[in-house]
Amino acid sequence: MAQGKDHWSTEAYSTSASFVPKLAQTLLQYLDPQPTDKVLDVGCGDGKYTEAFLPVVQSVLGIDVSPAMIEAANKEYGSANAEFRVVDCCYLEKEKEIVNGSWDKVISNAALHWILRNETTRLNTLKAIYDSLKPGGTYVFEMGGHGNIAEVQTAMIFALVQQGFSIEKARETSPWFFPSVAWMTSALEEIGFKVEKMETEYRPTKLTNAVNGGLAGWVRLMGAPFLDALPGEKREGVVQQVCEVLQTAVTRHEDGSQWLGYVRLRGIARKV
């Protein structure tokens, strides 16, 4: 996300989105961590996914825009070979100490759909990732792909329109960019990457049933930029409206569990 209000906390993320690091095992296989690897983790959050490969590699630098998440990552996982820094990855090219051609691998899990939302900085960020890698270095990522959580995005845009927003303004408020295989392949190749794999997976994802979690917790956390566009006194009413609109679409009759239509875009690209 762009810098500004920090919506993130490790507690809220654990309550409403604890499944995110747990469901990225394929990405870990694509990273193929090795003992000599120096890894840059773009959009590392609270480090819970970084932990999956941290014991295997030589060193890791995790970067994220959220001070709260970076504080949690350093507290939990910071060590002689693991550092976490507050960096707005939308402007990664400005971080010359990082973008220096020294990294064996760059990884990003569930972050690029936030980072690439700003069309004016999108390609600069991808180019900075390219420039950060050694020749022959590998970039692996997983993010929301085209069609990801379409039901939620539609419901939230509709809710803003009902609150008097124009449809254009409501769309602009959306904090996400969910590209297709074709778009991401073309963008990476234009920068100079050799794309070795690009795929999408439709992965319906069960929401948590924790107190303050579930669909409402997910909407409050992930949809915070939508809600911030509203006066404070209207936000919780909109959360409840979105949940009511989505009730039939996301709830399974057999057990009442709620699932969102996640579409994951994964890729492996090499710097040549």
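Trainee: Is Cys 44 buried or exposed?

Mentor: This is a predicted model, in which local features need pLDDT of at least 70 and side-chain atom pairs count only at pLDDT 80 or more, while totals for chains, interfaces and linings use all residues. Residues are numbered from 1 along each chain as its sequence is written, and side-chain values use heavy atoms, leaving out hydrogens and water. Buried means under 20% relative accessible area, exposed over 50%, and partly exposed in between (1.4 Å probe, protein chains only). Cys 44 is buried, with a relative accessible area of 7%.

Trainee: How many disulfides are there?

Mentor: A disulfide is a pair of cysteine sulfur atoms within 2.5 Å. The count by this rule is 0. For Cys 44, the closest cysteine sulfur belongs to Cys 89, at 7.9 Å, which is too far for a bond. The sulfur of Cys 90 likewise lies too far for a bond, 7.5 Å from its closest cysteine sulfur, in Cys 89. Cys 90 is buried, at 3% relative accessible area.

Trainee: Which residues of helix α9 are buried?

Mentor: Helices (H or I, at least four residues) and strands (E, at least two) are DSSP runs, numbered from the N terminus. In α9, residues 181–191, the buried ones are Met 184, Thr 185, Ala 187, Leu 188 and Ile 191. Seen down the axis of α9, they fall within an arc of 165° and so line one face of the helix; the arc is that of the directions from the helix axis to the C-beta atoms.

Trainee: Which residues are exposed on the other side of α9?

Mentor: Ala 182 and Glu 190 are exposed there. After α9 comes Gly 192, with a positive phi near 130°.
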